[in-house]
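Biologist: I'm new to reading protein models. Could you walk me through a few features, one at a time?

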Amino acid sequence: MLQYSFSTVLMAILSSTIVIIFTAVCFRYENLLVSFGYKMFAVVLGITFLRFALPFQFPFAANIVMSEGLSRIIAIFRRPFLAVGPFNVSMWGMFEAVWLIGILVRLALFIRDCLAFNHWVVWQSISLTDNGHYSRLLDEACGGGPNPFSVYELRGLKVPMLYGIRNPRILVPEGMELQEEEMRYLLSHETAHHFHHDIIVKLGLSLLSIIYWWNPACRILQEQLDAVLEMRIDDYVMDGTFDSRRGYMRCIIQVAEDRAGQGQEQVIRVPENSIMLFNPKHYNTLTNRLNVIAREPKPYAKLLHVSALVLTAGVYLFSYAFIFEARYSTPEEDMVVFELLDPYTYIVMTEDNAYEVYYGDLLVERVDSLENYPEETPVYDSLDDVPAEIRV
């Protein structure tokens, strides 16, 4: 049975943050970035996404009891300090309420941005699909298969982008002019994003970032995913020859230079799950992509891959196998006062015939006798027998 608690969220955040910091270091240094490669980044970021999405405790997990000092700190967050009707309010409960409100607000803003952008596309875009030039290049990019794409020129757009899942549209900035070879690379790039379902991937991460809106690590994860998705498509579009690399890089650089010189009066806000050729606010990401295209991995690339896999697997397996739990035990003169008949108070028998007294999921003390506790206090043979609704 899966369990959700303060401790399981804490383990998900800690383990994922460790790996995100490691990948952030690799993104910072060109040699590490090139040697690491986008495929390995994709594996690591995919596992990180799953860890964020599953902040639960599995039945096989074992508890690691924290030190008394850390337990005291956690007890402050978990201990109820106010009763509102049938509910006991704690700092953790207040955080969960703020968390939920933040999710609803962020979700509403996300939907608003999507609707506003769609409205702008419908009323401000000009169709270029019927242009024989674009139609022919799109057919080439689709390789003779079905061609569901349409091309629109959009005022206020800074960078070419792919928009839409069921009816994919390639949006290009107003007045952008490219040579035929460069336009061929551009359309191949955007259509490849659709065939690889990258908009759906970005939508999933956008929703995850909405859920963990308070965690800055999710913002870093989004930026890294953007770079990895673009690197994958870069590799897919090029055929591995020097000429294709040179032509493809020339296309990207030409668009970047053209857009940098455009002084637009109005720049529209694009949804987070959109696929842009590059982020005009982060040209360092574009530089990283060009380095990956132009440079070769260092001799230590294989060692780096193995190390990354071992680190990532080790961190996440540990985070699921072991859960840090708080233990509260103080001298009698500093003992926490709690209501013995509180519905969240219960006792669990141990293998050595002792007893552990819990308040919610907080271990209060370990005793050899129950003579000081009311007979009505529920006693369970193991933690697995404790109802989930009182382990909060």
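Modeller: Let's start with Cys 218, which is buried at a relative accessible area of 1%; buried means under 20%, exposed over 50% and partly exposed in between, with a 1.4 Å probe and protein chains only. Keep in mind that this is a predicted model, where local features need pLDDT of at least 70, side-chain atom pairs count only at pLDDT 80 or more, and totals for chains, interfaces and linings use all residues. Residues are numbered from 1 along each chain as its sequence is written, and side-chain values use heavy atoms, leaving out hydrogens and water.

Biologist: Which cysteine sulfur is closest to the sulfur of Cys 218?

Modeller: First, the idea: a disulfide is a covalent bond between the sulfur atoms of two cysteines. Here, a pair of cysteine sulfur atoms within 2.5 Å counts. For Cys 218 the closest sulfur is in Cys 114, 18 Å away, too far for a bond. Cys 26 is buried too, at 2% relative accessibility, and its sulfur is 19 Å from the closest one, in Cys 218, so that's also too far. The count comes to 0 disulfides.

Biologist: How do the axes of helix 1 and helix 12 cross?

Modeller: Helices are DSSP runs of H or I, at least four residues, numbered from the N terminus. Axes are lines fitted to C-alpha atoms over the stretch in contact, with angles from 0 to 180 degrees between N-to-C directions. Helix 1 (residues 6-28) and helix 12 (residues 301-321) have axes that come within 9 Å and cross at roughly 170°. That makes the two helices roughly antiparallel, the word for angles over 145 degrees.

Key. Angles under 35 degrees count as roughly parallel, over 145 as roughly antiparallel, 65 to 115 as roughly perpendicular and the rest as oblique.
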